[in-house]
Amino acid sequence: ALYLTTCVLLWYSRLLLPLKLFTTFLHELGHAIAAWATCSKVTGIEVHADQGGVTHWSTRADRITCAKHIVLPAGYLGSAAWGGAILLCCAHPASSRAIAFVLMGTLVVALAYSLCGDNSRERDWTLTWLSVVLLLLLGGLLYVSYRTEWPYRDLLLAKVLLLIGTMNTLFSTYDIWTDCVSRTVDIS
């Protein structure tokens, strides 16, 4: 409840911007995972400073209808699922470490796509910087968790992941509401 209250109170502050951008990345990663699951090709993942993002993907013409029905909703579902998985993994130190390594793996993929993938906006380094900063944060927390004798070493990692997971589930729910329920634009 404390994390939820903190996220709600700081919703419009710049302090939560990195977490909102990370949620946007997990949204785009949901599209990418669904594209890979439908044997489609992902050529780029973008996250923009305005909290928008794009996943560039393509598939064969005979698979496009089926792939669209899977890939398009996967962003919302994927983001919510990632948030739930992060929250569940905060319950035990070993699972906190495991999800931190998994998140670092996804950030390496994000870094590769931000540097080498298709990009619709020139000179947008948002995903690159986000990936580097979060890799350093998670790497540092894992270093503390594995290499120090500090009594709260595992608690620190779990609490940071709890904040990330709470923000992710909250923002993905808000994103679903604003994009799919409350928006009145027909093309949305």
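In the predicted model, Phe101 is partly exposed, with a relative accessible area of 46%; this class lies between buried, under 20%, and exposed, over 50% (1.4 Å probe, protein chains only). Tyr146 is likewise partly exposed, at 46%. Residues are numbered from 1 along each chain as its sequence is written. Local features in this predicted model require pLDDT of at least 70 and side-chain atom pairs pLDDT 80 or more, whereas totals for chains, interfaces and linings use all residues, and side-chain values use heavy atoms, without hydrogens and water.

Aromatic pairs (Phe, Tyr or six-membered Trp rings with centres within 6.5 Å; planes under 30 degrees apart stacked, over 60 edge-to-face, the rest tilted) number 5. Phe101 and Tyr146 form a tilted pair, 6.2 Å centre to centre with 40° between the planes. This pair links helix H4 (residues 93-116) to helix H5 (residues 126-147) across 45 residues; helices are DSSP runs of H or I with at least four residues, and strands are E runs with at least two, numbered from the N terminus. The rings of Trp150 and Tyr152 are edge-to-face, with centres 5.8 Å apart and planes at 75°. Trp150 is partly exposed at 40%, as is Tyr152 at 48%.

Charges also sit over rings (NZ of Lys or CZ of Arg within 6 Å of the ring centre and within 35 degrees of the ring normal). Arg97 lies over the face of Tyr146, 4.7 Å from the ring centre, and Lys20 lies over that of Tyr12 at 5.9 Å.
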